[in-house]
Amino acid sequence: MPTLISDPPQVVYLVLFAAVAATGAVAAQRQDRRSAQPFFAALGLLVPLFVLDRLLDSPREAAVKTSQAMAVAADTNKPDEFAKHVADKLVYHGEGAPRTATGDEVKNSQFWQMLRQYNIHVAVWGFGRDDVRQIDGDTVELGFMAKGEVRGSMEQQQLYVRGTFKRQPDGTMKMTGF
């Protein structure tokens, strides 16, 4: 499904809504069939677009939902839930050479012990459309902010995350790199 339909920008909604309002005003003033046709045509574009937008997730929307689910899993200390959103192989592009980890390595990471020990709250935000790169029809690279903060304290660490998400054969969107 084209992204313009499954994840339309707000400007598309604004243009269609303005067309519905303008043609509706004209049709209401003139009250004839000929004036009503453009109104129903504009409405006939707006309604299906809205329905399809709500029913279908674009790769960007699926990646955002995956990131949010991963943050909830980290925040509630559920490594199994977190690992559900990680592909079989996860490539970490941090300092030094890229490192590859499996889902089991992610589940058994020291990260979980640290979260429990320091009672860390995890949150993600800032999923702007401007910080997305569509690699192919099933892969998207998404930039967003994340933070970990000690609950009941002002101590926190914020970082910018650039994650790569790929649609898997089962239809789920999973993180393949960051």
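At what angle do helix α2 and helix α3 pack, and how far apart are their axes? This is a predicted model, in which local features need pLDDT of at least 70 and side-chain atom pairs count only at pLDDT 80 or more, while totals for chains, interfaces and linings use all residues. Residues are numbered from 1 along each chain as its sequence is written, and side-chain values use heavy atoms, without hydrogens and water.

Helix α2 (residues 10-30) packs against helix α3 (residues 33-55) at about 150°, and their axes are 8 Å apart. Helices here are DSSP runs (H or I, at least four residues), and strands are likewise runs (E, at least two). The two helices are therefore roughly antiparallel, a term for angles over 145 degrees. Residues in contact (heavy atoms within 4.5 Å) include L16, F17 and V20 in α2 and F39, L43 and L46 in α3. By class, this contact has 17 nonpolar, three polar and two charged residues.

The largest pocket has a volume of about 1100 Å³. A pocket is an open set of points on a 1 Å grid over the protein atoms alone, where a 1.4 Å probe fits, with protein on both sides within 12 Å along at least five of seven lines; lining residues have an atom within 4 Å of a point. The lining comprises 39 residues, of which F82, F111, L159, V161 and F178 lie nearest the centre.

K174 belongs to strand β7 (residues 173-177). K174 and T164 are ten residues apart in sequence and 8.4 Å apart in space, C-alpha to C-alpha.

Note on methods
Points joined across faces, edges and corners; volume = space filled by probe spheres on them. Axes fitted to C-alpha atoms, helices over the stretch in contact; angles between N-to-C directions. Parallel < 35°, antiparallel > 145°, perpendicular 65-115°, else oblique. Nonpolar A, V, L, I, M, F, W, Y, C, P; charged D, E, K, R; others polar.
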